[in-house]
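Let's walk through this model together, one question at a time. Have the sequence and the 3D view open as you read.

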Amino acid sequence: MAIIFKGFKETIFRTLPLIVLFYICISEFHTQFFYWKIFSFNLQFIIIYYWILRDPSILGYGFVFLAGLTNDVVLNLPLGTSALSYLFVSLVAAYVRNATVRSSLFTDWFTFIIAILIGNFLYYFLMNNFSDLGLSYTDLFYNSLFTFILFPAFWLIFDIYKKIFISRVND
Amino acid sequence: MSTSRDDFGIAIRSALLQRGAKQKFSLFVLILLSAFIFALDNTNLKPIKILRSILNDGVYRISAISSSPIKFSSATKNFFSNHILVYNENKKLRSELNSLKERKFENLYLETENKKLQEILNIEKESVFQTTTAKVIIDKNSPYLNSVVLNKGTSAGIKLGMPVLSNGYLAGRIVEVNFFSSRVLLLNDLNSRIPVVISPNGSQAILLGSGKKKPNLEYLPENFEMNETNLVFTSGKDGVFYDGISIGQVVFEDDKIKVDLFSDPNQLLFVNVVVDKIIDIGGK
């Protein structure tokens, strides 16, 4: 019984980041505030980048791809736009993981700029060239800026979560 | 120099092709698959459209269900904030009531006069539009797009381009129709363009969504004199919308002529989709 409960707890803790990612993509969860229009951030980028970089066993690439497709359907974007954008963020995270020996908050934070730039450039390029939907470059810039600024806060939250729950589960 | 280039190549190759214990697909395969799906979606083939429509219907339903906790918390917050505001509102209403009482007699006279004039002009008091009521099931604001999803689609006679009203005022137009759901592009969306006419002088302009709460009025005549009593209606010049649907009031903000919408894009719960016009008032 204790073994079954431990296994169940382990599964829940390890799947929670994935559940959060899907929930943000599929629900009405807003990362934009109407009364302060310029403040918006891409929480999906932060989740994907952190977990692919720090513990890839938590977030499979297949799930990142599916989360992107779900986001496209909910926001009525051409199918594959967000999926491509998320997968390129994953690529940067996987590259950084392979190329660096010791990583810290600061190394992760500054390499995250490359991930945001590539992810949002791809998004802008696809929307601008292959879709009739208009896109405000300024809004995209503010979104990238606030995503970058907020990364350390989420990094700390995820790091605490990882240390308390996932590391303990692995012991 | 060549060593660092080799290192970069090895790390990128490894990131693209490596599959860990939990990774069933490599990034390379998934990127190719995404690009293929993107290309397929852009072809506008009928089977793909039908497939996307079915996918949309399914995902919208799941999205509506999964959003219920957010809707519930938002409704609870509104409920409590409304109760807190009730005291102040009551005081304000009392003073308004006193001034309204004074105007009551004046209004009674005007009402009688209006009735008589209506009898003379034989104006229809019913709504001029035949509408179908739909519920907003998803109201997800992306940082760039402002649209809502309705619980009715082609099965209820909804078609692309149909105007959508909220409390009798224009709120947007249908931009995507599935069998059981449809999507409304709101007036404040960056992609929204509506030809309008401004009363009382009849100037014509285009109402451009800016992503903010109040859309802009563009292409106004050079000698346009702004007045806070100017009202904005659809002109029907695009051949898609009916003319004379109320939109909002002209305001001047941030050095721009904007429109304060009568329908609040953040408060849409039930809307009316105009499926037909009963009486053409413009032709009368």
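Predicted model: local features only at pLDDT ≥ 70, side-chain atom pairs only at ≥ 80, totals over all residues.

**Buried spots, the interface and salt bridges**

Q: In which strand of chain B does Val273(B) lie?
A: Residues are numbered from 1 along each chain as its sequence is written, chains are lettered from A and ligands numbered from 1 in the order in which they are written, and side-chain values use heavy atoms, with hydrogens and water left out. Strands (E, at least two residues) and helices (H or I, at least four) are DSSP runs numbered from the N terminus. Val273(B) lies in the strand of chain B that covers residues 270-277, β12.

Q: Is Val273(B) buried or exposed?
A: The classes rest on relative accessible area: buried is under 20%, exposed is over 50%, and partly exposed is in between (1.4 Å probe, protein chains only). Val273(B) has a relative accessible area of 0%, so this residue is buried.

Q: How much area do chain A and chain B bury between them?
A: Buried area is the accessible area (1.4 Å probe) that two parts lose on being put together, summed over both. In terms of residues, 54 of chain A are in contact with 52 of chain B. Carbon and sulfur atoms carry 65% of the buried area, and the total is about 4700 Å².

Q: Which helix gives the most to the side of chain A that touches chain B?
A: Helices α1 (2-26), α3 (61-75), α4 (81-99), α5 (105-130) and α6 (137-170) of chain A each supply at least two residues to that side. The one that gives the most, with eleven residues, is α4(A).

Q: How many salt bridges are there between chain A and chain B?
A: A salt bridge is a side-chain nitrogen of Lys or Arg within 4 Å of a carboxyl oxygen of Asp or Glu. Over all chains, this rule gives six salt bridges. Between chain A and chain B, the count is zero.

Q: Which residues is Ser27(A) in contact with, leaving aside its neighbours within four places in sequence?
A: Ser27(A) is found in the loop between α1 and α2 of chain A. At 0% relative accessibility, this serine counts as buried. The contacts of Ser27(A) are Ser63(B), Ser66(B), Ser67(B), Ile70(B) and Lys140(B).

Q: Where is Asn56(B), and which residues is Asn56(B) in contact with beyond its neighbours within four places in sequence?
A: Asn56(B) sits in helix α3 (residues 46-66) of chain B. Its relative accessibility is 2%, so Asn56(B) counts as buried. Its contacts are Val73(A), Glu176(B) and Asn178(B).

Q: How many residues apart are Arg54(A) and Asp108(A)?
A: The side chains of Arg54(A) and Asp108(A) meet in a salt bridge (3.1 Å, N to O). Arg54(A) counts as partly exposed, at 24% relative accessibility, whereas Asp108(A) is buried, at 0%. The pair links distant parts of the chain, helix α2 and helix α5 of chain A, and the separation is 54 residues.

Q: What separates Lys163(A) and Asp159(A) in helix α6 of chain A?
A: These side chains meet in a salt bridge (3.1 Å, N to O). Lys163(A) counts as exposed, at 57% relative accessibility, and Asp159(A) counts as buried, at 9%. Because Lys163(A) and Asp159(A) are four residues apart in helix α6 of chain A, what separates them is about one helical turn.

Technical notes
Contact = heavy atoms within 4.5 Å.
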